[in-house]
Amino acid sequence: MKGTASLTNKTTRAIVWSFTELMANYGIQFIIQIILARLLVPEHFGVFGMILVFIAISYSIVDSGFTQALIRDQHTTQEDYSTVFFFNLGISFVLYGILFISSKGISVFFEEPQLLEIIRVLSIVIIINAFAIIQRVMLMKRIDFRTITKISVISSVTSGTITIIVAVLGFGVWSLVVNMILLQLIQALLLIIYNRWLPSFVFNYQSFKRFFSFGSKLLLSGLIDTFYNNLYFLIIGKFFSITQLGYYTNAVKVRDLASQSLASTVQRVTYPVLSSIQEDENRLELGFKKIIKLSAFINFPLLIGLAAIGNPIFLILFGEKWMPSVIYFQLLCFAGMLYPLHALNLNILQVKGRSDLFLRLEIIKKGLLTILIVLSFLFKLGIIGLICAAVINSYLSLLINMHYSAREISYSTKEQVKDLLPILGVSIVMGAIVVMIGKIITLGSISTLILQISIGIGAYIGLSKICNIRELLLLIELLRSFLSGQKSRKSEGN
């Protein structure tokens with residue numbers, strides 16, 4: 001029991017710090033996004049959105065699944081880290097060269113001349129990111145998300161401040177390029193300074209082969225996932241106007257502030273924690289169930305609530321010119337609310353070493369999404385139809401993930417759905433109340449928004465108590481545990 005309590009406290013601290021890091025990072029970036037949205041026009045975000053798929057795919061190739069393989073390994077040596085580091089770095093230079101040469105073709109494909117220079121400059125982030133991968137992995141293996149939080153906050157504030165200055169000076173889309181490069185550069189430098197690890201000049205083929213045998217399948221599945229996650233930027237950029245792509249890009253960024261921050265937190269923290277107890281089936285199952293329900297308890301009301309107040313948020317924060325983004329944002333929220341659950345179910349497959357199954361699932365799920373996208377084009381449903389296809393695919397994919405993770409752990413799809421339905425029901429009722437308040441109350445935009453948020457939080461807590469949803473008490477206990485742990489740490493320091 002002592003070991004379980006220790007693990008729970010350690011996991012709680014890690015989750016809080018990781019969530020704080022991502023919220024700080026996304027939060028600062030969100031503030032920057034608001035300012036830039038006021039200074040720039042949708043077309044600038046549209047041009048930038050065209051490039052994101054190439055950068056994202058390059059990141060996946062550079063990582064090659066080694067991050068997950070290293071975190072999972074319990075006996076990693078200096079030679080192992082050095083081997084992976086030099087592989088990451090070498091691949092990053094190759095990819096930079098490919099993108100540099102391909103930039104003209106990409107520019108012609110999108111019929112956007114300025115992409116030529118933007119791609120050649122922005123692609124440098126691929127090399128910068130390669131220097132930081134091992135540093136970040138080592139901190140994650142130690143579950144030291146407190147240090148990662150500090151690094152993210154410093155880098156986000158510094159890069160964001162400079163970006164705003166560049167935008168004010170009238171550099172347009174180049175301000176977005178500057179932001180991405182500076183963010184990655186400062187993060188890489190700080191990770192090196194804080195972690196203080198240097199590679200040895202060695203490359204062990206056996207070490208490479210051992211990690212790549214596990215990571216290669218994750219690489220392929222990661223490439224498929226990354227390509228499809230960014231496919232809409234390609235489709236909208238090619239078949240629709242650059243302004244519509246700008247609206248979509250902004251909607252995705254705002255949605256990701258909430259959905260990706262929690263999903264990434266859950267995935268980053270639970271993977272090393274669950275990996276450390278992979279041999280203890282009972283603890284693994286108990287921890288998995290608890291995290292699944294707690295994640296849903298936080299993410300369901302958050303994303304449904306954001307969808308309910310989408311109109312006033314965009315009007316107040318971004319202005320009238322960005323209102324076409326609202327419907328995109330609201331639909332994306334209903335897909336994003338499931339992201340932490342996807343991450344957790346897939347983590348089980350990785351913990352169990354089933355990277356082969358991980359790859360097979362990606363092929364199945366993305367094949368399904370391809371069919372839905374084709375149908376949206378056949379029926380000429382436009383961008384709304386494309387986004388609805390993504391929403392439907394998110395729900396079907398979760399059922400697929402649940403089915404296969406249940407083969408590795410005693411927690412069936414039926415049990416998961418049964419545990420999640422009460423939380424989903426309470427969240428939907430809360431969202432309906434928030435929408436009704438917005439239609440009934442005729443105060444100013446800001447006053448109405450504050451009232452909607454306040455009533456929404458109160459309604460969710462009240463409904464959770466009435467429906468006896470235990471995750472409310474668990475969340476309170478975890479927060480108390482974290483705060484008491486922080487106080488004791490301070491007293492020890494004094």
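This text walks through a predicted protein model, from the whole chain to single residues.

Because the model is predicted, local features are reported only at pLDDT of at least 70 and side-chain atom pairs only at pLDDT 80 or more, while totals for chains, interfaces and linings use all residues. Residues are numbered from 1 along each chain as its sequence is written, and side-chain values use heavy atoms, with hydrogens and water left out.

The protein chain has 19 helices and zero strands. Both kinds of element are DSSP runs numbered from the N terminus: helices are H or I runs of at least four residues, and strands are E runs of at least two. The chain has 494 residues, of which 54% count as buried. Buried means under 20% relative accessible area, exposed means over 50%, and partly exposed is in between, with a 1.4 Å probe and protein chains only. A contact means heavy atoms within 4.5 Å. Among contacts between residues at least 6 apart in sequence, 84% join residues at least 24 apart.

Consider the interior next. A nonpolar core is a set of buried Ala, Val, Leu, Ile, Met, Phe, Trp, Tyr and Cys residues joined through side-chain atoms within 4.5 Å. The largest such core has 135 residues, and Leu122, Tyr232, Tyr248 and Phe314 touch the most other members. Helix H11, residues 281-308, gives the most to this core, with 12 residues. Leu122 is in contact with Phe48, Ile51, Ile55, Val177, Met180 and Ile181, when its neighbours within four places in sequence are left aside. Phe314 belongs to helix H12 (residues 310-317), where Gly310, Pro312, Ile313 and Phe314 are buried. After H12 comes Gly319, which has a positive phi near 100°.

Ile181 is found in helix H8 and is buried, with a relative accessible area of 16%. Not counting residues up to four places away in sequence, Ile181 touches Val121, Leu122, Ile124, Val125 and Ile128.

Where do H6 and H8 meet? On the H6 side the residues are Ile124, Val125, Ile128, Asn129, Ala132, Gln135, Arg136, Met138 and Leu139, and on the H8 side they are Met180, Ile181, Gln184, Leu185, Gln187, Ala188, Leu191, Ile192 and Asn195. By class, this contact has 12 nonpolar, five polar and one charged residues. Here Ala, Val, Leu, Ile, Met, Phe, Trp, Tyr, Cys and Pro count as nonpolar, Asp, Glu, Lys and Arg as charged, and the others, Gly among them, as polar. The axes of H6 (residues 124-141) and H8 (residues 174-195) come within 9 Å and cross at roughly 35°. Axes are lines fitted to C-alpha atoms, for helices over the stretch in contact, and angles run from 0 to 180 degrees between N-to-C directions. The crossing is left-handed, a term used if the near helix is turned anticlockwise from the far one by less than a right angle.

Leu231 is found in helix H9, residues 205-239, and is buried at a relative accessible area of 12%. Leu231 and Met50 are 181 residues apart in sequence, with 9.8 Å between their C-alpha atoms. Ala390 lies in helix H16 and counts as partly exposed at 23% relative accessibility. Leaving out residues up to four places away in sequence, Ala390 touches Tyr232, Ala335 and Leu369.

Is Ser82 buried or exposed? Ser82 is buried, with a relative accessible area of 0%, and lies in helix H4, residues 78-110. A polar atom of its side chain lies 2.9 Å from the backbone nitrogen of Ser200. Beyond its neighbours within four places in sequence, Ser82 is in contact with Trp197, Pro199, Ser200 and Val202.

Finally, two loop residues have a positive phi without being glycine. Lys380 has a phi of about 50° and lies in the loop between helix H15 (355-378) and helix H16 (382-405). Lys380 is exposed, with a relative accessible area of 75%. Asn468 has a phi near 55°, is found in the loop between helix H18 (445-466) and helix H19 (471-493), and counts as exposed at 56% relative accessibility.

Conventions. A polar contact is a pair of N or O atoms within 3.5 Å; within protein, one must be able to donate a hydrogen and the other to accept it, and residues adjacent in sequence count only if both atoms are side-chain atoms.
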